[in-house]
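Subject: A structure for you to look at

Hello,

Here is the structure I promised to pass on. Have a look at it first, and then read my notes below.

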Amino acid sequence: MDDNSSARLKRRLLGVVYRIGLFLVMLTICLPGLWIVLSSLRPTVEIMAKPPVWIPQEISFDAYVAMFSGIGKGGIPVIEYFRNSLIISVTSTAIAVAIGMAGGYAFARYRFRGKSGVFLGLMLTRTVPGIALSLPLFFLYVRLGIIDTHFGLILAYVALNVPFTIWLIDGFFHQVPKDLAEAAQIDGCTRWQAFWQVEFPLAGPGIASAAIFAFLTCWNEFALASQLTRSVSAKTLPVGLLDYTAEFTIDWRGMCALAVVMIIPALTLTYIVQRHLVGGLTSGAVKG
Amino acid sequence: MATVSLKKLTKRYGNIEIVHGIDLDITDREFIALVGPSGCGKSTTLRMIAGLEEISAGSIEIGGRVVNDLPPRSRNISMVFQSYALYPHMTVRENLGFSLKIAGAAKEDMDRRVAEASAILGLDTLLDRRPSQLSGGQRQRVAMGRAIVRDPDVFLFDEPLSNLDAKLRTQMRTEIKKLHAKVQSTVIYVTHDQVEAMTLADRIVIMRDGYIEQVGTPDEVFRRPATRFVAGFIGSPPMNLHEATVDDGQLVFASGAKLPLPGQFKANVAAGDKVVFGLRPDDIYPTGHGISSGGAADVHQIELPITVTEPLGNETLVFVEFNGSDWVSRMLNPRTLRSGERVAMSLDLSQAHLFATETGKTLRS
């Protein structure tokens with residue numbers, strides 16, 4: 001066998017090995033998700049079985065039916081929780097992205113005193129675990145009378161997300177060449193027009209990704225929400241999961257069903273937005 | 001169409017002064033090149049004229065109107081950037097028409113002017129492409145087209161050819177010159193490439209460390225450089241510049257080598273003066289192979305050893321050793337020379353330059 005054909009064979013073998021490896025890794029990552037879906041469809045006996053039952057013996061949608069059946073029939077106020085989650089996540093994401101755009105643009109484009117200090121300070125707030133803030137926040141919110149309200153949670157989530165959105169959007173504005181805004185100004189734009197006509201469309205994918213990250217953080221957040229909300233009028237879906245725990249029992253099947261209900265919108269949104277996350281939009285703007 | 005006038009124009013960043021109160025008057029339809037090494041303040045000056053940098057002191061007038069505090073859009077200028085700065089999310093047509101769209105021009109008017117500009121620059125077939133689908137030269141053309149469409153008073157070019165390869169650069173240089181002849185606008189062109197400046201400009205402004213060293217036509221700055229810096233900067237290969245001391249009608253170099261003091265400077269120097277002697281490669285050549293052979297006024301003959309030769313086809317750059325260093329000379333109608341060979345060299349001292357060592361200023365009266 002000559003060198004060329006052995007090299008070719010080696011390359012093919014490596015390709016096969018890569019694919020198998022990739023499959024195993026993806027399987028490991030996806031397994032918990034798959035397990036949740038399966039658990040929502042099978043009886044508790046099977047969920048608790050040891051050793052685990054991999055292939056469900058019987059499948060039923062009882063948990064989903066029960067979930068929407070109202071209080072007393074094993075149901076929980078899913079619609080309310082869903083509505084709360086949606087209002088809180090969307091509003092706080094919109095605010096965090098708006099602030100993130102303003103802040104990110106300022107960090108990317110302007111020189112000002114204490115810039116790196118402020119930036120570092122913003123990033124340092126990310127090092128504090130949210131749960132450590134839940135008790136002080138709880139006391140503060142009780143005093144202010146905003147405990148158990150949409151507003152309170154939105155405020156907390158905006159504070160949580162702003163450093164992150166600023167950091168991410170700053171990076172994307174850095175990639176948009178400064179020359180473009182200047183060219184636009186020479187072409188007759190005001191600074192404001194130059195931003196909306198040129199810089200914003202080009203940083204669009206970055207802003208979209210900042211939005212999706214912020215949204216998912218709010219949508220999935222449990223630690224703070226569990227402390228700051230308690231009634232049906234403010235509880236979010238992750239907190240709603242706790243409704244399935246009673247004093248002595250946990251309804252794993254119902255919990256998994258609600259988890260699936262939670263995952264579906266997040267997954268759909270990510271799928272829709274990810275098409276817009278394609279980079280490389282700025283290619284061709286400047287030389288090369 | 002407009003004149004541009006800079007008066008005591010100054011730029012400071014904090015405590016650091018970048019441009020030190022320069023004065024410059026540019027006449028209507030003139031092609032001016034600002035040239036100088038990196039960091040000399042030429043781009044900053046251009047950006048101040050464009051309104052992209054605030055000025056720290058002084059004033060800028062365009063068409064007789066002071067524009068110091070006007071935003072770029074109110075100055076009726078257009079600018080071609082080194083990076084082209086094309087809008088990547090727009091097609092060529094949209095890029096060209098952007099300024100008209102912002103100005104609220106009517107659709108027909110916009111189409112007509114875009115069509116005109118694209119016809120001038122040969123962009124007709126590319127109008128529906130995006131910048132990423134264009135070659136470097138085509139992008140450059142779109143950038144110029146975008147500038148033309150605005151029909152500005154003044155065109156500003158910020159090193160527009162630096163990102164092109166050598167061949168394309170020469171080609172685009174010619175196109176810019178043709179374009180200027182066609183649109184008849186005032187042009188301010190920044191470049192670090194003295195060949196671009198020489199070939200394009202009506203007048204050249206040579207800048208260094210935030211000061212203007214000399215303003216003049218290409219011929220003036222080449223033939224009569226005002227300072228040692230200009231002498232070394234303009235011309236390729238650069239002028240041979242060597243320090244010497246005046247002594248009894250002679251120039252004595254560091255190594256002890258001597259040359260007669262060129263006649264045109266005799267009245268302007270005294271014994272003991274420290275000077276810099278300059279001679280262009282064109283004015284030093286193997287005897288019989290020079291530009292001014294025959295008719296030159298003050299030719300000094302000397303035999304020198306060759307260190308290196310660089311054949312260029314129609315001419316050869318011959319490096320000869322004198323005063324312990326290499327002097328470059330230009331040999332026309334070259335014959336083959338060997339390194340180490342001693343040849344008779346002619347130095348046309350009537351074309352020589354002398355600068356005061358201390359001030360760098362020319363000693364020509």
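**What I found**

Let me start inside chain B: apart from neighbours within four places in sequence, B:Leu156 is in contact with B:Leu46, B:Ile49, B:Ala50, B:Ile77, B:Met79 and B:Ile188. Two residues are in contact here if their C-beta atoms, placed from the backbone, lie within 7 Å.

A word on conventions: this is a predicted model, in which local features need pLDDT of at least 70 and side-chain atom pairs count only at pLDDT 80 or more, while totals for chains, interfaces and linings use all residues. Residues are numbered from 1 along each chain as its sequence is written, and chains are lettered from A and ligands numbered from 1 in the order in which they are written.

**The core**

B:Leu156 also belongs to the largest nonpolar core, which has 156 residues. A nonpolar core is a set of buried Ala, Val, Leu, Ile, Met, Phe, Trp, Tyr and Cys residues joined through C-beta atoms within 7 Å. Buried means that 20 or more other C-beta atoms lie within 10 Å of a residue's own; with 12 or fewer the residue is exposed, and in between it is partly exposed, with C-beta atoms placed from the backbone. The members that touch the most others are B:Ile32, B:Ala33, B:Leu156, B:Ile188, B:Tyr189 and B:Val205. The element that gives the most to this core is helix 9 of chain A, with 12 residues.

**Chain B**

Chain B has 8 helices and 20 strands. Both kinds of element are DSSP runs numbered from the N terminus: helices are H or I with at least four residues, strands E with at least two. The C-alpha trace of chain B spans about 75 × 45 × 35 Å along its principal axes. Of its 365 residues, 45% count as buried. Among contacts in chain B with a separation of 6 or more, 67% are between residues 24 or more positions apart.

Helix 5 of chain B (residues 166-183) contains B:Val183. B:Val183 counts as partly exposed because 18 other C-beta atoms lie within 10 Å. Between the C-alpha atoms of B:Val183 and B:Thr245, 62 residues apart along the chain, the separation is 52 Å.

Chain A is divided into domain 1 (3-60) and domain 2 (78-277), with bounds that come from an automatic or database domain assignment. Their C-alpha centres lie 33 Å apart. Each domain puts 6 residues into the contact between them. On the domain 1 side, helix 1 (3-41) and helix 2 (44-48) of chain A each give two or more residues, and helix 1 gives the most, with 4 residues.

Where chain A meets chain B, the contact takes 22 residues from chain A and 26 residues from chain B. Helix 8 (178-186) and helix 9 (191-220) of chain A each supply at least two residues of the chain A side. Helix 8 gives the most to that side, with 6 residues.

Helix 9 of chain A has a kink of about 55° at A:Gly204, shortly before the proline A:Pro205. The bend at a residue is the angle between axes fitted to the seven residues ending there and the seven starting there. This helix has 30 residues, yet its end C-alpha atoms are only 38 Å apart, short of the 44 Å that a straight helix would reach at 1.5 Å a residue; the expected span is 1.5 Å times one less than the number of residues.

**Backbone details worth a look**

Most residues other than glycine have a negative phi, and most peptide bonds are trans. Here are some exceptions.

- A:Lys50 and A:Pro51 are joined by a cis peptide bond, with omega about -5°. A:Pro51 is in the loop between helix 2 and helix 3 (62-67) of chain A.
- B:Ser236 and B:Pro237 are also joined by a cis peptide bond, with omega about -10°. The loop between helix 8 (228-233) and strand 11 (240-247) of chain B holds B:Pro237.
- B:Gln184 has a positive phi, near 55°. B:Gln184 lies in the loop between helix 5 and strand 8 (186-191) of chain B, and counts as exposed because 11 other C-beta atoms lie within 10 Å.
- B:Asp209 has a positive phi too, near 50°. B:Asp209 sits in the loop between strand 9 (203-208) and strand 10 (211-216) of chain B, and is partly exposed, with 14 other C-beta atoms within 10 Å.

Best wishes
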